[in-house]
Amino acid sequence: MSLWGGNVRILLLVTAFNGLTQRVWCSLREAGHDVGVQLATSAEDMIEGTRAADPDLIICPFLKDRVPATVWQRWRTIIIHPGPVGDRGPSSLDWAITEGARQWGVTALQAVEEMDAGPIWATRTFPLPMAPPRKSSLYNGPVADAAMECVLEVVKKAVDPEFTPIPAERMPTEALPPQPELRKEGGARLRPLMRQDDRAFAWTEPTEHIVRRIRAADGSPGVRTEIAGLPVFAYDAHPGLHRGGRPGELISRRQGAVLVGTGDGSIWLGHLRSAEKYRNIKLPATTLLGARLRGVPHSPLPPGSEPESPGAYRQIRYRRSGRVGWLAFDFYNGAMAPGHCRRLLAGLKYATAQDTDVLVLRGSTDAFSNGIHLNVIEASTDPSGAAWAAIRAINEVCRAIITCSRQVVIAGYAGSAGAGGVMLGLGADIVAAREGIVLNPYYDMGLYGSELHTFTLPRRVGPEQAQRLIDEKLPVSASGAATMGLVDEVGPRHPDAYGEWLTALAERQSDPRLARVRRAAKAKRLAGERVPLEVYEARELAEMSRDMFGDRSGFAAARRDFVTKARPGATPPRLALPVKGKVVPVARVRPAVPISA
């Protein structure tokens, strides 16, 4: 193989352009490499797409399919496997969480005939918490961080003509995981696909056992059980405070979740999916159960419960520390239905009424926000009306953030965000992102978009850059967002370190004189706007009405495909690895309505 030098043509061969793949794509492009994506839509597409791209290196950060031999025999292909050296199989994280592994890892290995059996290019290990993590949280956190380190090491080694990958059976002892079963027999342990029989639990079992089972299946596929006589798949499990209910009994409900009795206590379930195929949509638990909740009481928060008290299920939390107010919200997968928006708006109104100098609006590390709740819209008897109600509700939250002049508002993007979820916090005085998150500051799904983005986005990045972001439809890293002005500050990657950094930032901004000057400047700026906010919203909603009620850009089909996780039919041209020496122009993809007044 020839020495390529600093710039490498890299093809990401993936099942979907998911969060990890987007993070890899951003990082490698920022490092100066040519990077493209080929979706594994079929073996033929993988072969033809790779042949057309003719990459120097193929990396597979998220691939559920077998790489065709025609591909890996001709182009060096590296699989990023979410397990330590010796672990093999499609359900690595599910088994790790279910069995309570204390340490896990990620391995970069070369594709060969046998899946996950190739020689090792890089590996990382990390500890797992005692409390069972949600699979999606584990994947987007420690797994993604370890995967990124492996990817960067792979690229570095790929340009080294002296490097030769190491067979798993010859890996040094210190590189192997502590589990005895992964150290014997050459370190190989093939685990089968975890099935529902492996995940099954009884409501008479302990709370911790049930929570662990559900969290090991969170995201997909969930755990099959029965609630109120309805066969469902359970997700989004949290230990409850209540004791004394019968196992499997519906005890109460709160903020879209239901409390179910267990063998030694109770569990909050935030989301359920019907086991009936024709209703196969993951929804807030109370939405899915509907009339079956008749007689189940609404549960107030326990008297005197602290904002962070375990078992006190709540999606919105407010606390105060000196001159700084903290409003934290945690919506499953970052999806916001009208109810979520109303609760967040109520929290904002309460927070802004306090005599604080700074308000920090912080999302979860799993996701800041991904905009309106498409699953709830799809499940509605009137999807167009539901979509309209959702966008109007989230717009009210955006307006409250933009017009707040009693406090300096800091939007803490601790997790990634997409579409309207990116726009949600752009009206804050300071946008503070966590390193390693990915922002998708554009609208897809056949929607023009609202969230007052035609007001906030150009004021942050300028009209031309705003239009490029909307048209190109490409992800942006936290550091890339800071460079263009989309975010103001970027804090450390580790969640605890980010929390400390965000606290220090808020404390600095709470200096009375500094806060007073910033608030006065904002009030003056808003008062001097030539075009009222209502005009921006009216323009956006006029376009959205055509998308939601007239379906001019295929919103209904795009929404259905997203909700049902339909496999894409082709790789979007914007993600393709450019032909050598050829510049691909960006097409205008949204209605030609001015993005600013």
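Modeller: In this predicted model, a residue counts as buried when its relative accessible area is under 20%.

Biologist: Is A466 buried or exposed?

Modeller: A466 is found in helix α14, which spans residues 463-472. Its relative accessible area is 0%. The cut-off for burial is under 20%, so A466 is buried.

Biologist: How far apart in space are A466 and D355?

Modeller: In sequence, A466 and D355 are 111 residues apart. From C-alpha to C-alpha, their separation in space is 35 Å.

Biologist: Are α9 and α11 roughly parallel or roughly antiparallel?

Modeller: The axes of α9 (residues 338-352) and α11 come within 8 Å and cross at roughly 20°. Angles under 35 degrees count as roughly parallel. Therefore α9 and α11 are roughly parallel.

Biologist: Which residues of α9 make the contact with α11, and how many residues of the contact are charged?

Modeller: On the α9 side the contact is made by P338, C341, L344, L345 and L348. The α11 side has A389, A390, A393, I394, E396, V397, A400 and I401. By class, the contact has 12 nonpolar residues and no polar ones, and the number of charged residues is one.

Biologist: Is the crossing of α9 and α11 left-handed or right-handed?

Modeller: Two packed helices are described by the angle and the distance between their axes. For α9 and α11 these are roughly 20° and within 8 Å. The hand of this crossing is left-handed.

Biologist: Are α11 and α18 roughly parallel or roughly antiparallel?

Modeller: The axes of α11 and α18 (residues 533-548) come within 11 Å and cross at roughly 160°. The crossing is right-handed. Angles over 145 degrees count as roughly antiparallel, so α11 and α18 are roughly antiparallel.

Biologist: How many residues in the contact of α11 with α18 are nonpolar?

Modeller: From α11 the contact takes in residues including W388, R392 and R399. From α18 the residues include E534, E537 and M544. By class there are four polar and four charged residues, and the nonpolar count is eight.

Notes: Residues are numbered from 1 along each chain as its sequence is written. This is a predicted model: local features need pLDDT of at least 70, side-chain atom pairs count only at pLDDT 80 or more; totals for chains, interfaces and linings use all residues. Side-chain values use heavy atoms; hydrogens and water are left out. Axes are lines fitted to C-alpha atoms, for helices over the stretch in contact, and angles run from 0 to 180 degrees between N-to-C directions. Helices (H or I, at least four residues) and strands (E, at least two) are DSSP runs, numbered from the N terminus. Angles under 35 degrees count as roughly parallel, over 145 as roughly antiparallel, 65 to 115 as roughly perpendicular and the rest as oblique. A crossing is left-handed if the near helix is turned anticlockwise from the far one by less than a right angle, and right-handed if clockwise. Contact means heavy atoms within 4.5 Å. Ala, Val, Leu, Ile, Met, Phe, Trp, Tyr, Cys and Pro count as nonpolar, Asp, Glu, Lys and Arg as charged, and the others, Gly among them, as polar. Buried means under 20% relative accessible area, exposed over 50%, partly exposed in between (1.4 Å probe, protein chains only).
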